[in-house]
Amino acid sequence: MTDFKDLDPVLHSQLRLAVISLLISVKDADFTYLKEKTDATAGNLSVQLQKLKEAGYIEIEKSFRDNYPLTNCRITKQGIKAFELYVNNLQSYLTIKKPSR
Amino acid sequence: MDTYSEKWSGEESLAIIQSMIKRARNEFGENGHLYLIWGYVVLICSVVQFVLLRFFRYENHSLVWMFTWVALIYQIIYLTKKARKRKVKTYTADTIQQIWMVFAVLMIMICFILGFQLKGESVRLYAPVILCLYGMPTFLTGRILQFKPLILGGIICWLLSVLSLFLSNDFQILMYGVAVIAAWIIPGYMLKKKFNSIADD
């Protein structure tokens, strides 16, 4: 039986979940793209990306393009597994919750 | 997203996942530009070669295809510039890129094999084989993008490939032009229109 608190705390944050949901759908994405799609502020997004990186869920590649810094992100295998587990747990949580409504 | 509260429901989690996946899926990066460039280049080469061969009996009629090198150089510059501006790479775009790379490799290899193995006898084989090849990436790209004009264009290439078996050498060459009108030029304009309408939204 899945409890709401069993959901992965790294992914159970609105912005981190949004980032992972985007990265699972594309091969890679840069910081600007993630910022545009999530409507997040640059500061908050930076912090959350760092947390995802520390958890091993994403890879961050920093480089330069036309003298401007470029941050490219992609989901790791560990990140895909964590996302799948999160969705499965969420599904069972919602299934359990439904009859009691 | 910064108006984020600690207490949120499972339904909200699901809504975030759905909305982000939908936003990423709406990435339509194909503007039809290269389809139009290559379409017109092949069309011009095909018509010019046909005219040189049929009306002028010009011996070096196939030299006109050297023009494709210009298109190739343009393509490399265009794609390099596009890659610099790229914010995201989708699996769809990546797969389509691989398909067109395979097409380019197959084109070079098959033309080389036909020329090497059959020498002058291979002339009548080029059009049916190349038209067959044109159909493959066009059809697959159409399937991946779920874009019917490209699917239809691919099928037309295959039909023209069969038809070209029954045509004389000069009309075989003209079939390249007909093929690219159906497979690249018309779908290219439609892709451009679709891309612009999405960008305007």
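Which residues does A:L22 touch, not counting residues up to four places away in sequence?

Modeller: Quick caveat before that: this is a predicted model, where local features need pLDDT of at least 70 and side-chain atom pairs count only at pLDDT 80 or more, while totals for chains, interfaces and linings use all residues. Residues are numbered from 1 along each chain as its sequence is written, with chains lettered from A and ligands numbered from 1 in the order in which they are written.

Leaving out residues up to four places away in sequence, A:L22 touches A:A29, A:L34 and A:K37, plus B:M20 and B:A24 from the other chain. Touching here means that the C-beta atoms, placed from the backbone, lie within 7 Å.

Now widen the view. A:L22 belongs to the largest nonpolar core, which has 30 residues. Such a core is a set of buried Ala, Val, Leu, Ile, Met, Phe, Trp, Tyr and Cys residues joined through C-beta atoms within 7 Å; buried means 20 or more other C-beta atoms within 10 Å of a residue's own, against 12 or fewer for exposed, with partly exposed in between. A:L22, along with A:V19, A:I20, A:L23 and A:A29, touches the most other members. At least two residues each come from α1 (14–25), β1 (26–30), α2 (31–38), α3 (42–54), β3 (68–75) and α4 (77–97) of chain A, and from α1 (10–25) of chain B. These elements are DSSP runs numbered from the N terminus: helices are H or I, at least four residues, and strands are E, at least two. α1(A) supplies the largest share of the core, seven residues. A second, separate core holds 27 residues, B:Y35, B:F50, B:V180 and B:I185 among them.

How about the chain contact itself? Chain A puts in 28 residues and chain B 21. On the chain A side, α1, β1, α2 and α4 each supply at least two, and α1(A) gives the most, with seven. That side divides into 13 nonpolar, seven polar and eight charged residues, counting Ala, Val, Leu, Ile, Met, Phe, Trp, Tyr, Cys and Pro as nonpolar, Asp, Glu, Lys and Arg as charged, and the others, Gly among them, as polar.

As for chain A overall, there are four helices and three strands, running α-β-α-α-β-β-α along the sequence. Of its 101 residues, 34% count as buried. Among its contacts between residues at least 6 apart in sequence, 59% join residues at least 24 apart.

How values were computed: Two residues are in contact if their C-beta atoms, placed from the backbone, lie within 7 Å.
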